[in-house]
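Please keep the sequence and the structure in view while reading.

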Amino acid sequence: MFEPYLYTPDGFRLAKRQYAGPQDTINLPPGQKRTITICNLFSNEHKKIDEIARLLDTDRRAVILALIQEGLVVDRRGSSRNPRTERRQTEALRNDN
(Lines give C-alpha, C1' and ligand atoms only; values in the text may rest on other atoms or scores of the structure.)
Protein backbone atom coordinates (compact mmCIF):
# COMPACT_ATOMS: atom_id res chain seq x y z
CA MET A 1 0.00 0.00 0.00
CA PHE A 2 1.32 3.45 -0.94
CA GLU A 3 1.78 5.72 2.06
CA PRO A 4 2.41 9.28 0.83
CA TYR A 5 3.75 10.56 4.14
CA LEU A 6 6.77 8.28 3.68
CA TYR A 7 7.82 10.11 0.49
CA THR A 8 9.03 13.58 -0.45
CA PRO A 9 7.18 15.58 -3.13
CA ASP A 10 10.09 14.65 -5.41
CA GLY A 11 9.41 10.93 -4.97
CA PHE A 12 12.25 10.03 -2.60
CA ARG A 13 11.43 7.61 0.19
CA LEU A 14 12.12 9.06 3.63
CA ALA A 15 14.42 7.00 5.82
CA LYS A 16 14.35 9.29 8.87
CA ARG A 17 12.09 12.16 9.83
CA GLN A 18 14.33 14.07 12.23
CA TYR A 19 17.95 15.12 11.91
CA ALA A 20 20.15 15.94 14.87
CA GLY A 21 23.44 17.32 13.65
CA PRO A 22 26.51 17.83 15.78
CA GLN A 23 26.37 20.62 18.37
CA ASP A 24 29.81 22.11 17.70
CA THR A 25 30.30 22.79 14.00
CA ILE A 26 32.95 25.52 14.22
CA ASN A 27 35.90 23.21 13.53
CA LEU A 28 34.24 21.17 10.79
CA PRO A 29 35.31 21.50 7.16
CA PRO A 30 33.04 23.63 4.91
CA GLY A 31 31.71 20.61 2.99
CA GLN A 32 30.53 18.93 6.16
CA LYS A 33 28.93 22.17 7.37
CA ARG A 34 27.02 22.39 4.09
CA THR A 35 25.78 18.81 4.50
CA ILE A 36 24.58 19.60 8.02
CA THR A 37 22.81 22.73 6.76
CA ILE A 38 21.13 20.80 3.93
CA CYS A 39 19.92 18.08 6.30
CA ASN A 40 18.66 20.59 8.86
CA LEU A 41 16.72 22.56 6.22
CA PHE A 42 15.22 19.38 4.80
CA SER A 43 14.33 17.53 7.96
CA ASN A 44 13.72 20.18 10.59
CA GLU A 45 12.62 23.16 8.50
CA HIS A 46 10.65 21.01 6.00
CA LYS A 47 12.15 22.68 2.91
CA LYS A 48 11.90 20.98 -0.47
CA ILE A 49 14.97 19.87 -2.39
CA ASP A 50 14.61 22.66 -4.97
CA GLU A 51 14.21 25.28 -2.23
CA ILE A 52 17.38 24.12 -0.49
CA ALA A 53 19.32 24.16 -3.75
CA ARG A 54 18.13 27.69 -4.44
CA LEU A 55 18.85 28.92 -0.89
CA LEU A 56 22.37 27.50 -0.87
CA ASP A 57 23.09 28.37 -4.51
CA THR A 58 23.88 24.79 -5.45
CA ASP A 59 22.35 22.13 -7.68
CA ARG A 60 19.73 19.50 -6.83
CA ARG A 61 22.27 16.71 -7.20
CA ALA A 62 24.42 18.04 -4.35
CA VAL A 63 21.37 18.33 -2.10
CA ILE A 64 20.14 14.83 -2.92
CA LEU A 65 23.59 13.30 -2.40
CA ALA A 66 23.90 14.98 1.01
CA LEU A 67 20.48 13.66 2.05
CA ILE A 68 21.37 10.15 0.92
CA GLN A 69 24.79 10.32 2.58
CA GLU A 70 23.24 11.28 5.92
CA GLY A 71 20.53 8.64 5.60
CA LEU A 72 17.51 10.94 5.40
CA VAL A 73 16.30 9.57 2.07
CA VAL A 74 16.70 6.13 0.52
CA ASP A 75 19.08 5.78 -2.40
CA ARG A 76 17.04 4.67 -5.45
CA ARG A 77 20.05 3.88 -7.62
CA GLY A 78 20.39 0.39 -6.18
CA SER A 79 16.74 -0.47 -6.55
CA SER A 80 15.67 -3.94 -7.59
CA ARG A 81 13.87 -2.85 -10.73
CA ASN A 82 14.25 -5.18 -13.68
CA PRO A 83 16.48 -3.68 -16.36
CA ARG A 84 15.01 -3.30 -19.84
CA THR A 85 17.41 -5.83 -21.26
CA GLU A 86 15.82 -8.61 -19.24
CA ARG A 87 12.38 -7.71 -20.58
CA ARG A 88 13.68 -7.75 -24.13
CA GLN A 89 15.27 -11.14 -23.58
CA THR A 90 11.98 -12.49 -22.28
CA GLU A 91 10.12 -11.12 -25.32
CA ALA A 92 12.75 -12.61 -27.63
CA LEU A 93 12.29 -16.02 -26.02
CA ARG A 94 8.51 -15.80 -26.52
CA ASN A 95 9.01 -14.98 -30.19
CA ASP A 96 11.29 -17.99 -30.69
CA ASN A 97 8.61 -20.42 -29.47
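## Helix α3 and its buried side

The buried residues of α3 pack against α1 and α2. Those buried residues are Val63, Ile64, Ala66, Leu67 and Ile68. The model is a predicted one, and the descriptions below should be read with that in mind.

Leaving aside neighbours within four places in sequence, Val63 is in contact with Ile38, Ile49, Ile52, Ala53 and Thr58. After α3 comes Gly71, which has a positive phi near 80°.

## The chain as a whole

The protein chain has 4 helices and 0 strands. Of the 97 residues of the chain, 23% count as buried.

The chain exposes about 7500 Å², and carbon and sulfur atoms supply 48% of that area.

## How α1 meets α3

At what angle do helix α1 and helix α3 pack? Helix α1 covers residues 30-43 and helix α3 covers residues 60-69; the angle between them is about 85°, and their axes are 9 Å apart. That makes α1 roughly perpendicular to α3, because angles from 65 to 115 degrees count as roughly perpendicular.

On the α1 side, the contact is made by Thr35, Ile38, Cys39 and Phe42. On the α3 side, Ala62, Val63, Ala66, Leu67 and Gln69 take part. Sorted by class, the contact has 7 nonpolar residues, 2 polar residues and no charged residues.

Thr35 lies in helix α1. Is Thr35 buried or exposed? Its relative accessible area is 11%, and the cut-off for buried is under 20%, so Thr35 is buried. Apart from neighbours within four places in sequence, Thr35 is in contact with Ala66, Gln69 and Glu70.

## The nonpolar core

How many residues does the largest nonpolar core have? The count is 19. The residues with the most contacts inside this core are Ile38, Phe42, Ile49, Ile52, Val63, Leu67 and Val73. Helices α1, α2 (49-55) and α3 each supply at least two residues of the core.

Ile38 and Phe42 belong to the α1 side of the contact with α3, while Val63 and Leu67 belong to the α3 side.

## Two loop residues with positive phi

Most residues other than glycine have a negative phi. His46, which is not a glycine, has a positive phi of about 60°. His46 is found in the loop between α1 and α2, and with a relative accessible area of 62% it is exposed.

Asp57 is also a residue other than glycine, and its phi is positive, near 50°. Asp57 sits in the loop between α2 and α3. Its relative accessible area is 73%, so Asp57 is exposed.

## Gly11, before the helix α1

Gly11 is placed in the segment before α1. At 30% relative accessibility, Gly11 counts as partly exposed. Gly11 and Arg76 are 65 residues apart along the chain, and their C-alpha atoms are separated by 9.9 Å.

Definitions and conventions. Residues are numbered from 1 along each chain as its sequence is written. This is a predicted model: local features need pLDDT of at least 70, side-chain atom pairs count only at pLDDT 80 or more; totals for chains, interfaces and linings use all residues. Side-chain values use heavy atoms; hydrogens and water are left out. Axes are lines fitted to C-alpha atoms, for helices over the stretch in contact, and angles run from 0 to 180 degrees between N-to-C directions. Angles under 35 degrees count as roughly parallel, over 145 as roughly antiparallel, 65 to 115 as roughly perpendicular and the rest as oblique. Contact means heavy atoms within 4.5 Å. Ala, Val, Leu, Ile, Met, Phe, Trp, Tyr, Cys and Pro count as nonpolar, Asp, Glu, Lys and Arg as charged, and the others, Gly among them, as polar. A nonpolar core is a set of buried Ala, Val, Leu, Ile, Met, Phe, Trp, Tyr and Cys residues joined through side-chain atoms within 4.5 Å. Buried means under 20% relative accessible area, exposed over 50%, partly exposed in between (1.4 Å probe, protein chains only). Accessible areas come from the Shrake-Rupley method with a 1.4 Å probe; for residues, only the protein chains shown count as cover.
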